[in-house]
Amino acid sequence: MAAAAAVIPPSGLDDGVSRARGEGAGEAVVERGPGAAYHMFVVMEDLVEKLKLLRYEEELLRKSNLKPPSRHYFALPTNPGEQFYMFCTLASWLINKTGRAFEQPQEYDDPNATISNILSELRSFGRTADFPPSKLKSGYGEHVCYVLDCLAEEALKYIGFTWKRPSYPVEELEEETVPEDDAELTLSKVDEEFVEEETDNEENFIDLNVLKAQTYRLDTNESAKQEDILESTTDAAEWSLEVERVLPQLKVTIRTDNKDWRIHVDQMHQHKSGIESALKETKGFLDKLHNEISRTLEKIGSREKYINNQLEHLVQEYRGAQAQLSEARERYQQGNGGVTERTRLLSEVTEELEKVKQEMEEKGSSMTDGTPLVKIKQSLTKLKQETVQMDIRIGVVEHTLLQSKLKEKCNMTRDMHAAVTPESAIGFY
């Protein structure tokens with residue numbers, strides 16, 4: 001478990017925002033890269049590692065008799081009903097691991113209520129859930145992986161888990177073993193090998209004239225050397241000391257290559273001999289173990305046959321009980337469906353009844369209310385006042401018209417008298 005803690009990168013506890021629940025979860029306008037479609041696979045792998053750190057195999061799977069999910073269980077659709085049940089089970093277990101009480105969802109619980117409870121617990125941790133709850137009904141997808149990953153991070157925080165630096169094992173380099181037979185070669189052997197290689201390479205390119213010149217030159221050099229040696233004044237003791245001093249430096253050490261096929265063949269022979277010797281020892285033990293296992297299997301088979309014969313009537317009763325249970329469940333499902341339909345009809349009738357009650361209350365209040373009568377009386381009083389004012393105005397207008405008519409009549413009479421008077425005056429004079 002410590003090795004897993006050392007290898008997994010601390011991507012979950014620090015970059016909860018980088019999971020981008022705004023991206024894709026709440027249909028926010030965020031540009032997503034080409035690898036966004038595969039991000040949920042990475043989140044799912046991190047989730048599996050975090051669940052292993054929380055020891056979910058011992059505390060949840062074995063107690064609930066569930067098989068462990070695969071590395072991409074919630075990333076790909078396999079069985080929506082089974083995946084949704086697994087999601088609800090893991091979510092409730094993780095919420096309980098954070099120190100909060102959360103009931104284990106049952107098979108016949110309302111999925112919408114279960115999802116809303118899980119999301120409310122997630123928001124209580126300060127996590128965002130900007131996506132519709134219906135995204136979690138399918139039991140797979142990036143939203144399901146996100147919710148479980150956030151709950152796993154909160155559970156790790158609650159138990160005080162901290163990410164550590166990865167510890168890498170120290171690899172010890174194997175020392176190259178040099179065989180003693182071919183490790184040291186004298187300088188004379190090396191010279192002989194070089195001379196043999198040169199003669200092999202130049203075997204096809206021999207010229208007689210050149211060969212004669214070389215032999216003549218070698219003979220002259222040897223005679224000159226022999227004369228020099230005969231005339232040498234070097235002390236033999238000093239010469240021997242010098243040879244002893246220089247001799248270690250003239251040794252040539254050649255390291256053998258581990259990639260040489262000869263070494264590999266030797267190793268194969270050694271391993272083969274070791275396997276054969278180990279096989280001789282273990283074959284007897286394996287034969288004994290095989291005989292014991294075969295005897296045990298025979299005993300188990302006989303016991304099973306005996307138990308099956310003894311418990312045949314109980315098995316039949318159990319099968320009958322299972323059949324009755326299945327029939328009862330079917331009847332329950334049918335009855336549950338009828339109850340749901342009747343509940344819906346009851347809600348519709350209740351809504352209609354509320355509407356009728358509201359209309360009756362409005363009509364009753366309008367019938368007992370005297371406000372319209374008061375308004376009518378006020379309107380009549382106002383009309384009477386306006387009628388009186390109109391009568392006064394009509395009288396004033398009639399009086400003004402009469403005065404204008406009388407004045408006009410007087411003016412006409414005066415004009416007529418004025419026209420008659422001059423004629424009479426002219427006739428007088």
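Does Glu-59 count as buried, partly exposed or exposed, and at what relative accessibility? Glu-59 comes out as partly exposed, at 29% relative accessibility; the cut-offs, taken with a 1.4 Å probe on protein chains only, are under 20% relative accessible area for buried, over 50% for exposed, and in between for partly exposed.

A few ground rules first. The model is predicted, so local features need pLDDT of at least 70 and side-chain atom pairs count only at pLDDT 80 or more, while totals for chains, interfaces and linings use all residues. Residues are numbered from 1 along each chain as its sequence is written, and side-chain values use heavy atoms, with hydrogens and water left out.

On to the charged side chains. Searching the whole structure turns up 10 salt bridges, each being a side-chain nitrogen of Lys or Arg within 4 Å of a carboxyl oxygen of Asp or Glu. Glu-59 takes part in one of them, meeting Lys-97 at 3.1 Å, N to O. Lys-97 sits in helix 4 (residues 80–97) and Glu-59 in helix 3 (residues 56–64), so this bridge ties together parts that are 38 residues apart in sequence. Helices here are DSSP runs (H or I, at least four residues), numbered from the N terminus.

Another bridge joins Asp-149 to Lys-50, with 2.8 Å between the closest N and O atoms.

Arg-127 belongs to the loop between helix 5 (111–124) and helix 6, and Glu-154 to helix 6, 27 residues apart. Both residues are buried. Put together, Lys-50, Arg-127, Asp-149, Glu-153 and Glu-154 make up a network of salt bridges.

Now for the rings. Two aromatic pairs turn up in the whole structure, where rings of Phe, Tyr and Trp (its six-membered ring) pair if their centres lie within 6.5 Å, and planes under 30 degrees apart are stacked, over 60 edge-to-face and the rest tilted. Tyr-73 and Phe-74 are edge-to-face, at 4.9 Å centre to centre and 85 degrees between the planes. Phe-84 and Phe-87 have centres 6.5 Å apart and planes at 45 degrees, so that pair is tilted. Phe-84 and Phe-87 both lie in helix 4, three residues apart, about one turn of the helix. Phe-87 is buried, with 0% relative accessible area.

Notes
Helices (H or I, at least four residues) and strands (E, at least two) are DSSP runs, numbered from the N terminus.
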